[in-house]
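Hi everyone, thanks for making the time. I'd like to walk you through one model today, so please have a look at it with me.

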Amino acid sequence: MAAVVLVVDDEQPVAEVIRLLVEDLGHRAVTAPNGLEALKLVEREKPRLVISDIMMPHMPGDELCRRLKNEPEHRGVKVILMSAADARRADETGADAFVRKPFDLDAMERLVERFIP
């Protein structure tokens with residue numbers, strides 16, 4: 001059964017590559033340019049997985065992850081954080097995985113398949 005995956009990145013080309021990868025795996029992808037917009041989509045779309053950049057305007061991905069992991073209705077949502085920066089910000093959020101940018105498409109595919117079998 002296809003799952004909904006929310007892709008959050010302020011760099012549209014990056015979000016588009018991940019969206020295509022998710023759809024090639026048979027899932028439905030929705031995108032948001034920042035954490036604030038992502039929170040709205042989480043309520044409406046009920047994603048099983050969120051793939052989010054950390055460094056974004058309005059609300060960074062680590063704050064988005066913290067909010068999701070602290071709300072009982074969203075705790076089951078898996079979160080993959082991405083950044084070209086240090087992974088320490090991701091470690092402090094309860095994220096399920098961290099991917100360093102630029103990422104390897106095969107590695108990202110394996111992570112998606114791990115969290116959405």
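I'll start with the overall fold, then go to one helix, the cores, and a few backbone details.

First, the ground rules. This is a predicted model, so local features need pLDDT of at least 70 and side-chain atom pairs count only at pLDDT 80 or more, while totals for chains, interfaces and linings use all residues. Residues are numbered from 1 along each chain as its sequence is written, and side-chain values use heavy atoms, with hydrogens and water left out.

Now the fold. The protein chain has 5 helices and 5 strands; helices (H or I, at least four residues) and strands (E, at least two) are DSSP runs, numbered from the N terminus. Along the sequence they follow the pattern β-α-β-α-β-α-β-α-β-α. For 117 residues, a compact globule would have a radius of gyration near 13 Å, and this chain agrees with 12 Å. That radius is taken over C-alpha atoms, and the globule rule is 2.2 Å times the number of residues to the power 0.38. Of the 117 residues, 49% count as buried, where buried means under 20% relative accessible area, exposed over 50%, and partly exposed in between (1.4 Å probe, protein chains only). Among contacts (heavy atoms within 4.5 Å) between residues at least 6 apart in sequence, 61% join residues at least 24 apart.

Let's zoom in on helix H1, residues 12-24. Which residues of H1 are buried? They are Val14, Ala15, Ile18, Leu21 and Val22. Seen down the axis of H1, these fall within an arc of 125 degrees, so they line one face of the helix. The arc is that of the directions from the helix axis to the C-beta atoms. An α-helix has 3.6 residues a turn, so residues three or four places apart point the same way. The face turned away from the buried side carries the exposed residues Gln12, Pro13 and Asp24. On the buried side, H1 packs against strands S1 (4-8), S2 (28-32), S3 (49-53) and S4 (78-83), and against helix H5 (105-115).

That brings us to the cores. A nonpolar core here is a set of buried Ala, Val, Leu, Ile, Met, Phe, Trp, Tyr and Cys residues joined through side-chain atoms within 4.5 Å. The largest has 21 residues, and Ile18, Leu49, Ile51, Ile80 and Met108 touch the most other members. H1 gives the most to this core, with 5 residues. There is also a second, separate core of 19 residues, which includes Ala32, Leu39, Cys65 and Leu81.

Finally, some backbone details. Most residues other than glycine have a negative phi, and most peptide bonds are trans. Lys46, in the loop between helix H2 (35-45) and S3, has a positive phi of about 55 degrees. His58 sits in the loop between S3 and H3, with a positive phi of about 75 degrees. Are these two buried or exposed? Lys46 counts as exposed at 52% relative accessibility, and His58 counts as exposed at 65%. Last one: a cis peptide bond joins Lys101 and Pro102, with omega about -5 degrees, and Pro102 lies in the loop between S5 and H5.
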